[in-house]
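Visitor: I've got a model to look at with you. Could you walk me through the fold and then the ligand site?

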Amino acid sequence: MIVSLINLKGGVGKTTSCIALATAAARDGKEVVVLDADPQGSATFWADNAEDNGEELPFAVDAANPATVKRAAKKFKGDPGRWAFIDCPPNGAILDAAQDASDFVIVPTGTGNADLVKTAETVKTMEANGRPYAVLLTRVLTNTNGFKAAQENLAAGGISYFDTAIRQKEDLKGYFGLPFGSALYGYDDVYSELREALNGR
Ligand SMILES: Nc1ncnc2c1ncn2[C@@H]1O[C@H](COP(=O)(O)OP(=O)(O)OP(=O)(O)O)[C@@H](O)[C@H]1O
Ligand SMILES: [Mg+2]
């Protein structure tokens, strides 16, 4: 399977979601790789830092470009035993390549209007091309009007989204550059929903 993390907005939780979901898949016994398609190299930094601390991530993180992403599609697309998660930058030619290669696209977003406007723009091309996708609300403060309003905003736009939302958690920031501990902060539930969306594969 190939799953891309895409949003035209920066700082919405793409890299965090990518590493957490790859961890969930590895713990589920899948063969997993993360493809770092972002020139910022945040996912690569995450893996290198973890290794330097003597605590390797449970999967490899490889630098990617449109050519390697296309090649990865041959190996991973549609294969339920092997999963590639592509951490994308907010713009560039790689976004088309990643969407083309993917079985599913996850669009992480915050609940603020600035994020939601860009999210709607991100989703528009996916819907136009009939690509399977779902929006993932991240850094949410549950029991707030903002969270409810964001869900209503997505529903009103006919935008598909995960039932699970990831809460704003200070300790989640601390994992940047380290492997996750036993808690996956809801990403294990997102992974289950993702597998359901892929017909249980
Ligand atoms: N649920 C959360 N709770 C608290 N902080 C979070 C959460 N998710 C992500 N963050 C923090 O928010 C910041 C942005 O997250 P992240 O790097 O995953 O976003 P991104 O979309 O990959 O950003 P970029 O566009 O720069 O690649 C990071 O400092 C990260 O640790
Ligand atoms: Mg990132």
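Visitor: In what order do the elements of the protein chain run from the N terminus on?

Guide: Quick ground rules: this is a predicted model, where local features need pLDDT of at least 70, side-chain atom pairs count only at pLDDT 80 or more, and totals for chains, interfaces and linings use all residues. Residues are numbered from 1 along each chain as its sequence is written, chains are lettered from A and ligands numbered from 1 in the order in which they are written, and side-chain values use heavy atoms, leaving out hydrogens and water. Elements here are DSSP runs numbered from the N terminus, helices being H or I with at least four residues and strands E with at least two. The chain has eight helices and six strands, and their order is β-α-β-α-β-α-β-α-β-α-β-α-α-α.

Visitor: Which element gives the most to the shell around ligand 1?

Guide: Two elements give two or more residues to that shell, α1 (14-27) and α7 (170-173). With three residues, the top contributor is α1.

Visitor: What is the distance from a backbone N or O atom of Lys169 to a nitrogen atom of ligand 1?

Guide: Polar contacts to the ligand are pairs of N or O atoms within 3.5 Å. Val12 has a backbone N or O atom 2.9 Å from a ligand 1 oxygen, while the Gln40 side chain has an N or O atom 3.2 Å from an oxygen of ligand 1. For the Lys169 backbone and the ligand nitrogen, the distance is 2.8 Å.

Methods
Polar contact = N/O pair within 3.5 Å; in protein donor to acceptor, adjacent residues only side chain to side chain.
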